[in-house]
Amino acid sequence: MAKITTSTLLKMKQQGQKISTITAYDASFAKLFDQAGIHAILIGDSLGMVLQGHDDTIPVSIDDMAYHTHCVSKGVDETLIISDMPFMSYATKEQCFENAAKLMQAGANMVKMEGGSWLVETIKGLVERGISVCGHLGLTPQSVHLLGGFKVQGREEDQALDIIKQAKELEVAGVQLLVLECIPNELGQAISQAVTVPTIGIGAGWHTDGQILVMHDALGISCSYMPKFSRNFLIDTGDIKKAIELYISEVSKGNFPGPDHIFK
């Protein structure tokens, strides 16, 4: 199988094929997920919570992200590698360019940033410099204190319309992928239809072009709680690789997420 690229994922959206994505933070799990056939791996700043034990992602540094991106890249042959830009690592364009370069040099194929309209010029600058960008709208964990906690976004009509507007702006700016987190099922559908780039949902319903889960949630080993939008695939298989293969299959068939995993 050839290396998966953003063109691969775009073609999958156009053909109605679902995209499966998961987080990973080291070479061993990355290799296993790569061999299982996952389409993309995100080195998420979620590592601050699942690896470092913090209450949120705020303490994660760019050096943390570069280190784990380097580790994951050593385990991957075919899967697309996406790396999170952590809290305040892209507050200015110049800062963003420097930190995005660190992640790309560490092995990322694409960087992900949380935020809407205010990021448009920064995204344009990254794209002009040859860096592929994934956007992130809805619940943006780096803004958890501003949002007042980990809450579903876009339930009010005006907020939903604003998120759709920002999704379109990010596409025009040059993002090639868009993560949608913790939004109502219908809003996930509206955004996926409003943009031509693939949408990847996490608690965004079953109409998105693909799904992403934190690996610790998908394997039922999170130390805190299981999010409503997640599912323990390991309990059904008793084998990690088979669990990821089941996850990919269930996403592909449209069986995951199900009615119990969505927000209305």
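This is a predicted model: local features need pLDDT of at least 70, side-chain atom pairs count only at pLDDT 80 or more; totals for chains, interfaces and linings use all residues.

Student: OK, is M110 buried or exposed?

Tutor: M110 counts as buried, because its relative accessibility is 0%, and the cut-off for buried is under 20%.

Student: Which residues does M110 touch, leaving out those up to four places away in sequence?

Tutor: M110 touches T6, I81, I82, S83, M104, S132, V133, C134, Q176 and L177.

Student: Zooming out, what kind of sheet do the strands make?

Tutor: They form a closed barrel of 8 strands, running β1-β2-β3-β4-β5-β6-β7-β8, with parallel pairing. On average, neighbouring strands of this sheet are turned by 25 degrees against each other, with direction ignored.

Student: Which residues of β2 are buried on each side?

Tutor: Strand β2, residues 40-43, is covered on both faces, with A40 and L42 buried on one side and I41 and I43 buried on the other. In a regular strand the side chains alternate between the two faces of the sheet.

Student: Switching to the core, how many residues are in the largest nonpolar one?

Tutor: The largest nonpolar core has 80 residues, and M113, L126 and I191 are those with the most contacts inside it. Helix α8, residues 157-173, gives the largest share of this core, with 6 residues.

Student: What is M113 in contact with, beyond its neighbours within four places in sequence?

Tutor: The contacts of M113, with those neighbours set aside, are M85, Y90, C96, L119, T122, I123, L126, V133, C134, G135 and H136.

Student: Now the helices. Where does α6 lie?

Tutor: Helix α6, residues 120-128, lies across β4 and β5, the latter being residues 133-138, and α6 runs at about 175 degrees to β4. Within α6, the residues V120, T122, I123, G125 and L126 are buried, and what covers the buried residues of α6 includes α5, β4, β5 and α8. Just after α6, G130 takes a positive phi of about 85 degrees.

Student: You mentioned α8 there; at what angle do α6 and α8 pack?

Tutor: The two helices α6 and α8 pack at an angle of about 25 degrees, with their axes 8 Å apart. That makes α6 roughly parallel to α8, since angles under 35 degrees count as roughly parallel. The crossing of α6 past α8 is right-handed, and at the contact V120, I123, K124 and V127 in α6 meet E169, L170 and A173 in α8.

Student: And how do α4 and α5 pack?

Tutor: Helix α4, residues 62-73, and helix α5, residues 93-106, pack at an angle of about 20 degrees with their axes 8 Å apart, and that makes α4 roughly parallel to α5. Here α4 passes α5 in a right-handed crossing, where I62, M65, A66, T69, H70 and S73 in α4 meet N99, K102, L103 and A106 in α5.

Student: What about M88, what is its phi?

Tutor: M88, a residue other than glycine, has a positive phi near 60 degrees, and M88 lies in the loop between β3 and α5.

Student: And where is C182?

Tutor: C182 sits in the loop between β6, residues 177-181, and α9, residues 185-194. Its phi is near 50 degrees, again a positive value in a residue other than glycine, and C182 counts as buried because its relative accessibility is 7%.

Note on methods:
Residues are numbered from 1 along each chain as its sequence is written. Side-chain values use heavy atoms; hydrogens and water are left out. A nonpolar core is a set of buried Ala, Val, Leu, Ile, Met, Phe, Trp, Tyr and Cys residues joined through side-chain atoms within 4.5 Å. Buried means under 20% relative accessible area, exposed over 50%, partly exposed in between (1.4 Å probe, protein chains only). Helices (H or I, at least four residues) and strands (E, at least two) are DSSP runs, numbered from the N terminus. Contact means heavy atoms within 4.5 Å. Two strands pair if DSSP finds at least two bridges between them. Axes are lines fitted to C-alpha atoms, for helices over the stretch in contact, and angles run from 0 to 180 degrees between N-to-C directions. Angles under 35 degrees count as roughly parallel, over 145 as roughly antiparallel, 65 to 115 as roughly perpendicular and the rest as oblique. A crossing is left-handed if the near helix is turned anticlockwise from the far one by less than a right angle, and right-handed if clockwise.
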